Amino acid sequence: MKRIILMVVRLIFRVPYYMFGIWWSGKRKNYDQAKAYAFVKKVTKAANRAGRVTIESHGLENIPKENGFIFFPNHQGLFDVLVFLESCPVPFAFVIKKEASQVILLKQVIAALRSVVIDREDIRQSLEVINKVAEEVKNGKNFLIFAEGTRSKMGNALLPFKGGTFKSAVKSKCPIVPCALIDSFKPFDENSIERVMVKLIYLPPIYYEEYASMKTPEIADMVKSRIEAAISEYADP
């Protein structure tokens, strides 16, 4: 909470402009994903600087050159999406649980990026989300999905990855891009404003040919093990 307050205070004169710009990006009739993403990215970079957070990225060359893929990172905290928004050079949308979708500003970002809200208690709606994401990925849109389903709240340790979160990838036969977040829980989940570095490692994509014969729980375990290996390699001792 302290860091969020710091961000707002240090950007106080620009907050109305940023808020209106994100809102307008989601409301304008002639929607342009690239322009909306560029504006949200600009705001994210300013907020991270104001909040004394540095993002260190590795493996950007592993992001597929052709759109229509899904990032699957571990889920550490409320700051996770901001790491991707600053780091990732290509536009993406994300799938977010219903419980978090009404948070101020995040709600506007969801609309600006045409992201998707999922109600995990509603099986029918969840299936609709899986099909919707798969169809949009087939049409060249990129997504970010947290395979743990919720924040681990265990620092850099991971919860089990849910097989169901990979159904959209299987349906669309798209590349899966495992991503390792390191120390992303620190900016918002620790009550501090000390300078902090968050690392994001984009791992080599897993193409459909590699996982076509696997069941979704097996895919989940494979992605989880690759992320754990990356965290072991890149995390500070």
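Author: Buried means under 20% relative accessible area. In this predicted model, glutamate 136 and lysine 141 are both buried.

Reader: What makes glutamate 136 and lysine 141 a salt bridge?

Author: Their side chains meet at 3.1 Å, N to O. The cut-off is within 4 Å, so the pair qualifies. Salt bridges with shared partners also join Lys132, Glu136 and Lys141 into one network.

Reader: Why is lysine 98 called partly exposed?

Author: Its relative accessible area is 47%. Buried needs under 20% and exposed needs over 50%, so a value in between is partly exposed.

Reader: Why is glutamate 99 called exposed?

Author: Glutamate 99 has a relative accessible area of 53%. Exposed means over 50%, so the label follows. Arginine 120, at 39%, is partly exposed.

Reader: How do you know that lysine 98 and aspartate 119 form a salt bridge?

Author: The closest N and O atoms are 3.8 Å apart. That is within 4 Å, so the pair counts. Lysine 98 sits in the loop between β3 and α5, and aspartate 119 in the loop between β4 and α6, so the pair ties together parts 21 residues apart in sequence.

Reader: Which residue does glutamate 99 form a salt bridge with?

Author: Arginine 120, with the closest N and O atoms 4.0 Å apart. This pair links the loop between β3 and α5 to the loop between β4 and α6. The structure holds 10 salt bridges.

Reader: What makes helix α4 mostly covered?

Author: Of its 8 residues, 6 are buried. Among them are Val81, Phe84 and Leu85.

Terms used. Residues numbered from 1 in each chain as written. Predicted model: local features only at pLDDT ≥ 70, side-chain atom pairs only at ≥ 80, totals over all residues. Heavy atoms only, no water. Buried < 20%, exposed > 50% of the residue type's maximum accessible area, 1.4 Å probe, protein only. Helix = DSSP H or I, 4+ residues; strand = E, 2+ residues; numbered from the N terminus.
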